[in-house]
Amino acid sequence: MVESWTESMTARERVETIATTLSEPRTANWVAEQADVEWDTAKKHLDDLAESGVLLVTEDETYVPDPTRAYFDHLRELILTNDREELRAELEAIADRIEDWKLRYEVSSPEELEATLAEDLPPDEIRDRRQALRRWENSARSRDSIQTALQLYDDIQSLTDDVPATIRLEGAG
């Protein structure tokens, strides 16, 4: 039997799940509807998340994840859930994918690949190139994050060395 998310998650968990995955600012009313909670419940949890720095509140009372916090949380997770060799292996895999796209489409950059979308190509080829372009851009962002994680790796690892072994670091598995 499949359990609904209102049975498996608390109201706070549902509000947080919705709010931290927003790609554009949303009102408490919108979040309440999506999380299947009352407006005042959503508002209370959204304000708590904003006060703790997870969300930002716009002038017109909409909520959006703090992009700087999300970035640093992502770096932290990369470092705590991967060793250096795993991060280096992912960089190698990304480089291989990018090289494949360069050869396949005979371009040297995502911008050049995007320019080919204006050429007279069959619809399937245009879809394929658009998909490759999105993957290339995502891979480039991942590569940048992994490179930054590797630069910070020793500093972050040395900070966690002082954490007692009985404490579980979130994201460390």
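Helices (H or I, at least four residues) and strands (E, at least two) are taken here as DSSP runs, numbered from the N terminus. The structure is a predicted model, in which local features need pLDDT of at least 70 and side-chain atom pairs count only at pLDDT 80 or more, while totals for chains, interfaces and linings use all residues. Residues are numbered from 1 along each chain as its sequence is written, and side-chain values use heavy atoms, with hydrogens and water left out.

Helix α3 (residues 28-35) packs against helix α4 (residues 39-51) at an angle of about 110 degrees, and their axes lie 8 Å apart. Axes are lines fitted to C-alpha atoms, for helices over the stretch in contact, with angles running from 0 to 180 degrees between N-to-C directions. The angle makes α3 roughly perpendicular to α4 (65 to 115 degrees). From the α3 side, Ala28, Asn29, Val31 and Ala32 meet Trp39, Ala42, Lys43 and Leu46 of α4, where contact means heavy atoms within 4.5 Å. Sorted by class, this contact has 6 nonpolar, 1 polar and 1 charged residues; Ala, Val, Leu and Trp are among those that count as nonpolar, and Lys is among the charged.

Attention then turns to the backbone in two loops. Glutamate 61, in the loop between β2 (55-57) and β3 (62-65), has a positive phi of about 60 degrees although it is not a glycine. Glutamate 61 is partly exposed, with a relative accessible area of 45%. Glutamate 106, in the loop between α6 (84-105) and α7 (110-116), has a positive phi of about 55 degrees and is likewise not a glycine. Glutamate 106 is exposed, with a relative accessible area of 71%. Here exposed means over 50% relative accessible area, buried under 20%, and partly exposed in between (1.4 Å probe, protein chains only).

Notes: Parallel < 35°, antiparallel > 145°, perpendicular 65-115°, else oblique.
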